[in-house]
Every structure is written in C-alpha cells, then in structure tokens.
Amino acid sequence: MMGRVFALLILAPASLLAQTGHVAGVIVAKGTGEPLAYSIVGLDSQDRTAFTSDSGRFGIREIAVGPHVIHIRRLGFTPLDQKITVRAGITDTLRIELDR
C-alpha cells in the first residue's frame, strides 16, 4: 500500500503539492499619485524583499498560499504594513498609497 501512495505522490503534478500565488502592484504617494521608485516591499513570512522600479511597480512570485503581511518602506514616507491573502495560481495586483 505504501508503494502505491508513494507512486501517486511522484506522479502528482507539482502544482498540487506546493500551491503558490503571486503579488504585483504599484506604490504611489498619497494625494499626488506620484510613483515611488525604489520603495522596499517585503513579506515577513517568506523573508522575501523586492524594490519598486522607476515607475513604482513591483512583483513577488512563488509565494506560499495563505495570509501574509506585506511591509512597504520608502525614505521620507510613513511605513505601511498591510495584510494580504495569496491565492493559488493567481496574481493579485495592489495599489498602495504611502503618506509623506
């Protein structure tokens, strides 16, 4: 019986064994909508960090499904921690506004 279970696990698609999702978005200044280049975006539960591009955009791929806290930091702006829920096979898109 154990041999059959092992065989099923080997034949199962990887997507069934490790569900992941993705987060993408843009960080902007509250009030003006100005993109905030080189902001730091991090996930505490995954120990993963990304910087925003010149246009304030970021993306973090292959995140474990479930609840996470995303941390956003930018020099001259109030840091923000936001709860998110990552869904399997989905890229959630965020627009996050930071206060000066």
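Visitor: In which strand is Thr-20 found?
Guide: This is a predicted model, and the answer refers to its assigned elements. Thr-20 lies within residues 20-29, and that stretch is strand S1.

Visitor: Is Thr-20 buried, partly exposed or exposed?
Guide: The relative accessible area of Thr-20 is 23%. Buried would require under 20%, and exposed would require over 50%. Because 23% falls in between, Thr-20 counts as partly exposed.

Visitor: Which residues does Thr-20 touch, not counting residues up to four places away in sequence?
Guide: The C-alpha atom of Thr-20 is separated by 8.2 Å from that of Ile-90, although the two residues are 70 apart along the chain. With residues up to four places away left out, the residues that Thr-20 touches are Glu-62, Ile-63, Val-65, Arg-87, Ala-88 and Gly-89.

Visitor: With which side chain does the side chain of Thr-20 make a polar contact?
Guide: Glu-62 is among the residues that Thr-20 touches. The polar contact of the Thr-20 side chain has a distance of 3.1 Å, and its partner is the side chain of Glu-62.

Visitor: In what order do the elements of the chain run from the N terminus on?
Guide: The chain contains two helices and seven strands. Read from the N terminus on, the order of these elements is α-α-β-β-β-β-β-β-β.

Visitor: Which residue in S3 is the bridge partner of Leu-43?
Guide: Strand S2 covers residues 40-43 and is joined to S3 by four bridges, with the two strands running antiparallel. The partner of Leu-43 in S3 is Arg-48.

Visitor: Which residue in S5 is the bridge partner of Val-41?
Guide: S2 also pairs with strand S5, residues 66-73, in the antiparallel sense over four bridges. Here the partner of Val-41 in S5 is Ile-72.

Visitor: How many bridges join S5 to S6?
Guide: S5 and S6 run antiparallel. Within this pairing, Ile-70 stands opposite Gln-82 in S6. The number of bridges that join S5 to S6 is seven.

Visitor: Which residue takes a positive phi in the hairpin of S5 and S6?
Guide: This hairpin has six residues between the strands. The positive phi is near 90°, and the residue that takes it is Gly-76.

Visitor: Why does His-68 count as buried, and which backbone oxygen does its side chain reach?
Guide: His-68 is found in strand S5. His-68 counts as buried because its relative accessibility is 7%, and the limit for buried is under 20%. At 2.7 Å, the His-68 side chain reaches the backbone oxygen of Ala-64.

Visitor: What is the distance between the closest N and O atoms in the salt bridge of Asp-81 with Arg-73?
Guide: Side chains of opposite charge can pair when their charged atoms come close. Asp-81 is partly exposed at 46% relative accessible area, and Arg-73 is partly exposed at 30%. In their salt bridge the closest N and O atoms are apart by 3.1 Å.

Visitor: Is Asp-92, which meets Arg-87 in a salt bridge, buried or exposed?
Guide: The salt bridge between the side chains of Arg-87 and Asp-92 has an N to O distance of 2.5 Å. Arg-87 is partly exposed, with a relative accessible area of 45%. For Asp-92 the relative accessible area is 16%, and therefore this residue is buried.

Visitor: With which residue does Arg-95 form a salt bridge?
Guide: Arg-95 is exposed, with a relative accessible area of 53%. Its partner is partly exposed at 39%, and the closest N and O atoms are 3.8 Å apart. The partner of Arg-95 is Glu-97.

Visitor: What percentage of the residues of the chain count as buried?
Guide: The accessible surface of the chain comes to about 6500 Å², and 59% of this belongs to carbon and sulfur atoms. The chain has 100 residues, and the share that counts as buried is 31%.

Conventions: Residues are numbered from 1 along each chain as its sequence is written. This is a predicted model: local features need pLDDT of at least 70, side-chain atom pairs count only at pLDDT 80 or more; totals for chains, interfaces and linings use all residues. Side-chain values use heavy atoms; hydrogens and water are left out. Two strands pair if DSSP finds at least two bridges between them. Buried means under 20% relative accessible area, exposed over 50%, partly exposed in between (1.4 Å probe, protein chains only). A polar contact is a pair of N or O atoms within 3.5 Å; within protein, one must be able to donate a hydrogen and the other to accept it, and residues adjacent in sequence count only if both atoms are side-chain atoms. A salt bridge is a side-chain nitrogen of Lys or Arg within 4 Å of a carboxyl oxygen of Asp or Glu. Accessible areas come from the Shrake-Rupley method with a 1.4 Å probe; for residues, only the protein chains shown count as cover. Contact means heavy atoms within 4.5 Å.
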